[in-house]
Amino acid sequence: MRTPLQREHKFTLCYVTERRALASAKGDLTSREVRTNPAHALLEIIRHAATAGVDWIQIREKDLEARSLAELARLAVADARETRASILVNDRLDVALTAGAAGVHLGETSLPVEAVAEWRRSGRRTDFRMGVSCHSAEAACAAERAGADYILFGPVFATPSKAAFGAPQGIQRLREVCVAVRIPVLAIGGIRIENAASCIAAGATGVAAIRLFQESVDVAAVVARLRAKCSSRS
């Protein structure tokens, strides 16, 4: 059961990018475009997601060198200005700042949460969002204490992209994390239209996904169905 504070949080949809998985992307992107210029193909999908009403887009391209990542993030930020979407950059605080992104998302091997929170408290960017990936209630509580604004918790369901993190955590562990912290928790890992509402019922304030948005022919329809299904469980 969610806490009263969690009920006040805005329902959030987050698209996490993964250009290496674009070989199966559908829509108006051809296989040749994906093979020859995956960054360009990814930018097109980011544009579609932002226009469709996805709230956050986390650029998670860990293998891109800094200059290419910064250019991708800069273009994504420019495109998103005409939409409601906020661009977040995975791991790289320097790239996020250079590109004018809305925030940074930190993993277990990223910069310490405390260091980024201290930098933010210095007054340089008080509106800068900071999220953390967590795989346990203990880690989520630690991230909250350190100053994180939100948590990505998972994998909740089975998914190839999160196989390295072990077996799915399941709805019950998601519920335990949502009760343990007062900041928003987004569920990630194997999220589909059919199971997203169960995450919201467990206390999550949103869902994050790669394939759900990246492989969809009609992202706007996916967003509309997610909002319709999940709003009834909020």
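User: Which residue in β3 is the bridge partner of Trp56?

Analyst: Happy to start there, with a word on the source: this is a predicted model, where local features need pLDDT of at least 70, side-chain atom pairs count only at pLDDT 80 or more, and totals for chains, interfaces and linings use all residues. Residues are numbered from 1 along each chain as its sequence is written, and side-chain values use heavy atoms, with hydrogens and water left out. Strand β2 (residues 56–59) pairs with β3 in the parallel sense over four bridges; strands (E, at least two residues) and helices (H or I, at least four) are DSSP runs numbered from the N terminus, and pairing takes at least two DSSP bridges. In β3, the partner of Trp56 is Ser86.

User: How many of the five residues of β3 are buried?

Analyst: Buried means under 20% relative accessible area, exposed means over 50%, and partly exposed is in between (1.4 Å probe, protein chains only). On one side of β3, Ser86, Leu88 and Asn90 are buried, and on the other Ile87 and Val89 are buried too. The strand is therefore largely enclosed by the rest of the structure, and the count is five of the five.

User: Which residue of strand β6 does Val132 stand opposite?

Analyst: Strand β5 (residues 129–134) runs parallel to β6, and four bridges join them. In β6 (residues 150–153), Tyr150 and Leu152 point one way, while Ile151 and Phe153 point the other way, and all are buried. The residue opposite Val132 is Ile151.

User: Where does Pro155 lie, the residue whose peptide bond from Gly154 is cis?

Analyst: The peptide bond from Gly154 to Pro155 has omega near 0°. As for its place, Pro155 lies in the loop between β6 and α8 (170–180).

User: Are α9 and α11 parallel or oblique to each other?

Analyst: Two packed helices are described by the angle between their axes and the distance between the axes. Here the axes of α9 (residues 193–201) and α11 (residues 219–231) come within 9 Å and cross at roughly 40°; axes are lines fitted to C-alpha atoms, for helices over the stretch in contact, with angles from 0 to 180 degrees between N-to-C directions. Angles under 35 degrees count as roughly parallel, over 145 as roughly antiparallel, 65 to 115 as roughly perpendicular and the rest as oblique. The two helices are therefore oblique.

User: What is the relative accessible area of Ala142?

Analyst: Ala142 has its place in helix α7 (residues 137–146). This residue is partly exposed, and its relative accessible area is 33%.
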